[in-house]
Structures are given as C-alpha cells and as structure tokens.
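Please study the sequence and the three-dimensional view below before reading on. The paragraphs that follow lead through several regions in turn.

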Amino acid sequence: MTPATQTVVTTTDVAAPATPDDVVGRGSTAAPAAPRADRADAVTRILARHGDAGPADLDWDGDQLDLAERQALRRVGGLGSHSSELRDVTEVEYRQLRLERVVLAGLWTSASVEEAEASLRELAALAETAGSAVLDGVLQRRPTPDPATFLGSGKAADLKEVVATTGADTVVCDGELSPSQRRGLEDIVGVKVIDRTALILDIFAQHAKSKEGKAQVELAQLEYLLPRLRGWGESMSRQAGGRVAAGAGIGSRGPGETKIELDRRRIRTRMARLRRQIKEMAPARETKRSRRTAGGVPSVAIAGYTNAGKSSLLNRLTGAGVLVEDALFATLDPTVRRSRTPDGREMVLADTVGFVRHLPTQLVEAFRSTLEEVQGADLVLHVVDASDVDPEGQVAAVREVLADVGALDVPELVVLNKADLATPETVARLRSRLPGAVVVSARTGEGLEELREIVAERLPRPQVDVDVVVPYTRGDLVSRVHVDGEVLEEEHTAEGTRLRARVGEHLAAQLEGARTAV
Ligand SMILES: Nc1nc2c(ncn2[C@@H]2O[C@H](COP(=O)(O)OP(=O)(O)OP(=O)(O)O)[C@@H](O)[C@H]2O)c(=O)[nH]1
C-alpha cells in the first residue's frame, strides 16, 4: 500500500520554509541553496539507498551515487560539478544533510477539514523550521483523540506502515499528547513520537538569544517535561539505539541530556531558580520600556502570525537590518527601532514574536516580554499574510492571544501583507471582513506610504497647551516643537522665542524647565 492516505501532506505540497541560506538581508552573494523540500528529497533518497553509511564509507565518485543523487547533493551543498569535489563533502556537511525524517499525524475533530489541513500544514512548516524533513502525513477524522494512542487503532496501523515505507524516524502529532498516549503510539509505530508542543518548544530553544529568552524557554521545557519524565526516558533510550544525528533531535534539544536525567526534585529546584532569575530580569526590561515611554515617544508594536512578514515590515518602515527568514519564529526576542512619521514626529516600532495556533500554555510566559511591548503600545500593527490559505484563522488566533495577555484595548490597525502574492478575491474578501485594513506588500513596497500616513494619524497627538518664551540658546527646543508639536503662535521677543503651542507632556516639561518668565 502506498503511504498516501486520504489526506497527505508531503514536502511538495507544504509551503516549505527555505534553508537558512535563503535568508534575505545578510548580504550573501552565494548562489541560492536548494529549497528544503529538494534537500529533504535528496537526503531521503540517498539515505534510503545507503542506510547509515558515513561519508568515509561511501564511494562518492564511484557508482554508489546515481546521477540524480549527485545533482541533488551538488545543489544542496553548493558543491562543484566534478566528482572529486563530491568526495570532499565534509563530515559536517554530510551530517547537515542527515535531517530528522518526520511523518505528521493530525486529527480532524470539530473544525472544518480546511482548518485541520491548515493546522497540519503549519505543523509541517514548524517541523521544517526545527530542521526536519517532512516526508508524509496522515489525518484522521475523529470526534476526540483516542485516550490510549491519540489516533484510532486502524489509523495508527496505517501510520506504522507510512513510517516503515518512508523510513521516518519521528512522528509528530498535531496536538498535545498525554504521556501515556505518546507511549501507546510509540509502541505501535516503533519510532519516537513527539507532539506539537514539544516541537514548538524545540524551535524556541533554538531561537532564544537573550538571557531572559533562554531562561523562559528552559522553564517552559521543564514544565512540559516534568509530568513526562518516565516516558521521556524510554524514548531517549530507544533513540540511542538508532542513528547518530547531528546534534540532538527535535523535541530533545534544550535542557540537554544531563538535565533530563535529573530527578523531579532537582528539576523543581531548577525551575524555581529560573523563575527567580526571570523575575530579577524583569525590572531591567521595565526600565528600558519606561525610558522609552517617558520620552513621550509614541510606540507601535508589530504583532501577527508567524511568517506574516513582521520583520520585513519593520525593516521597510525603519530601514533597519532585522533578520528576515523564511522560517517560523525567526524573531523571539523583541526588536525595537526608532523611526519618524511622515510629518516628522518620532516614534518607536517594536517587532514581536510570531503567533501560532495552539500556543503551548507553557510558552505563554515566554511570550510575555515580547507581548508586553504590545500592552504598552499606542497602536498595534496586526500583520496578516493575505496570501495564506487561512488568513482569517490567523487573525482569530492572534486576537485570542492578545486577549489572553490583556492587550485587547490597544488600538489595532490590520495590515494585509504580501499583497503581491494574494489573489484580488482574497484581498477583497479580507477588506470587507476587516474594515479599515491597509493592503501592503513589504516586498514590493506597495501600500507602505499609505500605511505610514495612517499610522501617523492613529498615533496620539500632542496634548498640552503651552505659552512660553524659550531663550535663544535653546533653539533646539523650538525646533522640536515645530516637529513634534503644533505651533499656534510664534513671535521673537527680546528674551527669546515666544511660543503658543500644543505639545506632548514630556516636551511641555522641558519647555517649562527652559522658559524665561513671560
Ligand atoms: N512575497 C512576499 N513575501 C514577503 C512579504 N513580506 C514578507 N515576505 C516573506 O515572508 C517571509 C517571512 O517574513 P518575516 O518578515 O521574517 O516574517 P515574520 O512575521 O517576522 O516571521 P516570524 O519571525 O516567524 O514571526 C520571508 O521570506 C519574507 O521575505 C511580502 O510582502 N511579499
């Protein structure tokens, strides 16, 4: 039987993120690397034929590799066209090719089949982001997950066959599995089973850069791990008998093996310590934020679904060199940039972490630092990928999380991005469902001028009326009133410039400090 069950997700029909080599904005002049789907394809084929042989065991320019494999390897590794160069594939490069081979398993419960498929497609993109090759997928219609094995017994048997046929070493389930469900399914399929939560935690572990981000992710991983200690150990020992992968596999990165071996008590101690550390780091973040708001500078938070184009938009609006990656969660720690409105007022823009369906509860805390940017903002730019198959689903997921963190009362401006890719029908539909939305393309620049104007209009205007004489030595303040405030009257007197103006609180205080008696 073919692995293809009724609904199949393969590397070709999934919107696969590209390899890290495809990152835009790094100034690389190298030829673009093969899309990950091609890479997965090449690796799968080679591994299927050569098993676990290392580069030393393979006769690279002999007849062990067929033409298609050579071509694929050349594209993947950027190798030269001669067979002798193929022999120079280093151990590291070879290992990089040895991606974790994953089959997905999803359930279609109460939602529509489109939603179930969108969720599975997203799971595929998440798995690719984590560094795996997605080989296949099965989707089962069931009102609820099977309490013992997640999928029902018939579908679990199908999955076992798919795993065997594709040579997969990991099954990723689209949901959060109880420890016993995971063990039950592992017993049937005979390979490691992980769930969506473990996958997302793994990606976060790979992407956290700041000390606080790392501590938060480790805490979330330990929280997830604690009730699963027994099952985890079993799957780790099973894995140990398998192939040697480059680094740890998905779902097992982060806390590291030594930590995994810790008993519950030690894990709890570690968690308490992490919580303390995070708490200690919070005031620093608070100070940074209040320093910005105390300057009276209006702030805009860019929020939205993962891969919607938030970082691209931030770059477009500020000219900043923020990493733009066709992978999920490229942004974990908030990035803040200063910029100006078209009428010259200063503002700050903050990029935030991408949202995702079914955000693991363990991660809500880890989201907090970046979402605090949203809470404290004057305006949220809610970026939507208008070319996605289910943009409305993304909008709903983002709004749900915003509500969870108490950021719903911040004014929202919906930005329909990727207009260059979206169909006119979709754009029209979204416009009617999301009144006031601005249509843009961060790639082509379409709509960005309009967006800038609307942002400027929606940001709070200066509010304090002042009537001051500013000494001529403080010409800088007079200029700022012209830029950031609204000048109602200006005259030059012997003592200085007399200004009647409407300005922000901070500038008003500075003018008060510098004034000479009127
Ligand atoms: N065609 C097209 N692609 C775009 C546009 N905006 C962004 N992209 C691409 O979409 C991908 C994701 O863009 P990012 O800006 O990294 O998205 P993000 O929302 O910051 O992603 P996360 O970090 O996952 O939250 C990149 O490959 C971008 O080049 C657009 O307007 N049109």
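With 24 C-beta neighbours inside 10 Å, K418 counts as buried, because a residue is called buried when 20 or more other C-beta atoms lie within 10 Å of its own. This residue belongs to a predicted model. K418 is located in the loop that joins β9 (412–417) to α16 (424–433). Its backbone has a phi near 60 degrees, a positive value in a residue other than glycine.

N307 may be considered next. N307 is not a glycine, yet it has a positive phi of about 75 degrees. Its place is the loop between β5 (299–304) and α13 (310–318). Is N307 buried or exposed? N307 is buried, since 24 other C-beta atoms lie within 10 Å.

V395 is part of helix α15 (residues 391–404), and 22 other C-beta atoms within 10 Å make V395 buried. Leaving aside residues up to four places away in sequence, V395 touches V384 and L434. V384 is 11 residues from V395 along the chain, and the C-alpha atoms of the two are separated by 6.9 Å.

Attention now turns to strands. In a regular strand, side chains alternate between the two faces of the sheet. Strand β4 (residues 192–195) is covered on both faces: K192 and I194 are buried on one side, and V193 and D195 are buried on the other. Strand β3 (residues 170–173) pairs with β4 in the parallel sense over four bridges, and T170 stands opposite K192 in β4. Between β3 and β4 the chain passes through helix α7 (residues 179–189), and this β-α-β crossover is right-handed.

Which order do the strands of the open three-stranded sheet have? The order is β11-β13-β12, and the pairing is antiparallel. β11 (464–471) and β12 (486–492) stand at the edges, each with a single partner strand, so one side of each lacks a neighbour in the sheet. On average, neighbouring strands of this sheet are turned by 15 degrees against each other, direction ignored. β11 and strand β13 (residues 496–503) pair in the antiparallel sense over eight bridges, and V470 has T497 in β13 as its bridge partner.

Helices also lie across these strands. Helix α18 (residues 475–484) lies across β11, β12 and β13, and runs at about 30 degrees to β13. Helix α19 (residues 505–514) lies across β11 and β13, with an angle of about 35 degrees to β11.

Key: Residues numbered from 1 in each chain as written. Predicted model: local features only at pLDDT ≥ 70, side-chain atom pairs only at ≥ 80, totals over all residues. Pairing = 2+ DSSP bridges. Helix = DSSP H or I, 4+ residues; strand = E, 2+ residues; numbered from the N terminus. Axes fitted to C-alpha atoms, helices over the stretch in contact; angles between N-to-C directions. Contact = placed C-beta atoms within 7 Å. Buried ≥ 20, exposed ≤ 12 C-beta atoms within 10 Å, placed from the backbone. Right-handed = clockwise from strand over helix to strand, strands pointing away.
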